[in-house]
Amino acid sequence: MARFEAVTSVDGRRAAVTLSGECDLSAREECMAVLMGAVDTAPVVVVDLGGVTFLDSSGVHALVTAYRAAQDRGGRLSVVGAAGMVAHVLDITGVGGLLSPQDGVRDG
């Protein structure tokens with residue numbers, strides 16, 4: 001089983017969160033804490049899912065909860081780098097479109 005890891009960096013008004021491994025029930029608390037910490041730190045949060053190998057409803061829930069928290073604060077959270085099964089999960093749940101980069105937010 002791939003271990004969950006999260007790295008956050010902040011550059012001015014933008015926080016970049018890089019997730020890797022399995023974003024599932026066992027990583028729920030850590031994932032939520034990292035995402036909410038980023039939302040509390042910066043108005044623009046970009047979450048890179050390129051290293052995520054598995055995403056279940058716990059991970060989707062964390063992303064949507066952080067997205068809503070960012071919106072409530074007048075900010076924005078988006079995801080980039082999702083591929084394979086992770087992109088498929090985001091697409092079939094409708095979350096992929098909700099969290100797609102907008103307003104000039106892009107990779108990098």
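Guide: Cys31 counts as buried, with a relative accessibility of 1%; buried means under 20% relative accessible area, exposed over 50%, and partly exposed in between, with a 1.4 Å probe and protein chains only. This is a predicted model, in which local features need pLDDT of at least 70 and side-chain atom pairs count only at pLDDT 80 or more, while totals for chains, interfaces and linings use all residues. Residues are numbered from 1 along each chain as its sequence is written, and side-chain values use heavy atoms, with hydrogens and water left out.

Cys31 is in no disulfide, a disulfide being a pair of cysteine sulfur atoms within 2.5 Å. The nearest cysteine sulfur to that of Cys31 belongs to Cys23, 3.4 Å away. Cys23 is buried as well, at a relative accessible area of 3%. By the disulfide rule, the count comes to 0. Cys23 is accordingly in no disulfide either, and its nearest cysteine sulfur is that of Cys31, at 3.4 Å.

Now the background. The protein has 4 helices and 4 strands, where helices (H or I, at least four residues) and strands (E, at least two) are DSSP runs numbered from the N terminus. From the N terminus on, their order is β-β-α-β-α-β-α-α.

Ala69 lies in helix α2, which covers residues 57-72. Ala69 is buried, with a relative accessible area of 8%. Leaving aside residues up to four places away in sequence, Ala69 touches Met36 and Val39; a contact means heavy atoms within 4.5 Å. Val34 is 35 residues from Ala69 along the chain, and the C-alpha atoms of the two are separated by 13 Å.

The whole chain can be described in the same terms. Of the contacts with a separation of 6 or more, 67% are between residues 24 or more positions apart. Buried residues make up 44% of the 108 residues. The C-alpha trace spans about 35 × 25 × 25 Å along its principal axes. The radius of gyration, taken over C-alpha atoms, is compared with a globule rule of 2.2 Å times the number of residues to the power 0.38. For 108 residues a compact globule would have a value near 13 Å, and the protein has 12 Å, which agrees.
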